Amino acid sequence: MIRRMQLSDVDAVWQIEKQVQSHPWTRSQFEDAVESYQSTVIEYNQKVVGFCLMQPVLDEANLLLMAVDPTMQGRGLGSQILADSIERLGDKCVQIFLEVRESNQAAIALYEKLDFHQIDIRKNYYPKAQGGKENAIIMVRSSGENIFDFKM
């Protein structure tokens, strides 16, 4: 089941975030996200196993964070929650932007499956756990007839 994130979900979401990110958001950032962003969770056997945070801005949106519990990955849950989050944005949203670590090939494949494509690279954007920086790939998903085609 996919539903809006509630404050009671923050602990579960934060635990997932800490497992998948080398530099995770804080618990208070997730508390703020419940009210500030389009925040959804996906449940499996009545347990929160993933989340997606979108930031709508006028006719665009930014995918801020998305993650699935590592023990539940590979089951299509990421595709389900992202597709649902895109649908929740509605027809007024004509573009969705995101940044993803260059090394995160599984996430890139998921985004491409849902019609995102690369438009740029942000050099040395993400900090690495062992020090140094990693490039971010900037991707976009566009819809509508009068949208600039970002394909390179």
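**Figure 1. Overall view of the predicted model.** Of the contacts (heavy atoms within 4.5 Å) between residues at least 6 apart in sequence, 59% join residues at least 24 apart. The structure is a predicted model, in which local features need pLDDT of at least 70 and side-chain atom pairs count only at pLDDT 80 or more, while totals for chains, interfaces and linings use all residues. Residues are numbered from 1 along each chain as its sequence is written, and side-chain values use heavy atoms, with hydrogens and water left out. The protein has four helices and seven strands; these are DSSP runs numbered from the N terminus, helices being H or I with at least four residues and strands E with at least two. Their order along the sequence is β-α-α-β-β-β-α-β-α-β-β. The radius of gyration, taken over C-alpha atoms, is compared with a globule rule of 2.2 Å times the number of residues to the power 0.38. For 152 residues a compact globule would have a value near 15 Å, and the protein agrees, with 15 Å. Along the principal axes, the C-alpha atoms fill a box of roughly 40 × 40 × 30 Å. The protein exposes about 8,800 Å², of which carbon and sulfur atoms supply 46%; areas come from the Shrake-Rupley method with a 1.4 Å probe, and for residues only the protein chains shown count as cover.

**Figure 2. Buried face of helix H2.** Buried means under 20% relative accessible area, exposed over 50%, and partly exposed in between (1.4 Å probe, protein chains only). By this scale 42% of the 152 residues are buried. In helix H2 (residues 27–36), the buried residues are Phe30, Ala33 and Val34. They line one face of the helix, because seen down the axis of H2 they fall within an arc of 105°, the arc being that of the directions from the helix axis to the C-beta atoms. Their packing partners are strand E1 (2–4), helix H1 (10–20), strand E2 (38–44), strand E3 (47–57) and strand E4 (60–68).

**Figure 3. Surroundings of Ser85.** Ser85 belongs to helix H3 (residues 77–89). With a relative accessible area of 1%, Ser85 is buried. Its side chain and that of Thr40 are joined by a polar contact of 3.1 Å. Such a contact is a pair of N or O atoms within 3.5 Å; within protein, one must be able to donate a hydrogen and the other to accept it, and residues adjacent in sequence count only if both atoms are side-chain atoms. Beyond neighbours within four places in sequence, Ser85 contacts Gln38, Thr40, Cys52 and Met54.

**Figure 4. Aromatic pairs.** Rings of Phe, Tyr and Trp (its six-membered ring) pair if their centres lie within 6.5 Å; planes under 30 degrees apart count as stacked, over 60 as edge-to-face and the rest as tilted. The count by this rule is four aromatic pairs. Tyr125 and Tyr126 form an edge-to-face pair, 5.0 Å centre to centre with 80° between the planes. Tyr125 is partly exposed at 36% relative accessible area, whereas Tyr126 is buried at 18%. Ring pairs also link Trp25, Phe30 and Phe51 into a cluster.

**Figure 5. Asn135 in strand E7.** Asn135 is found in strand E7 (residues 133–142) and is buried, at 14% relative accessibility. A polar atom of the Asn135 side chain lies 2.9 Å from the backbone nitrogen of Asn124. Leaving aside neighbours within four places in sequence, the contacts of Asn135 include Val100, Ile121, Tyr125 and Tyr126.
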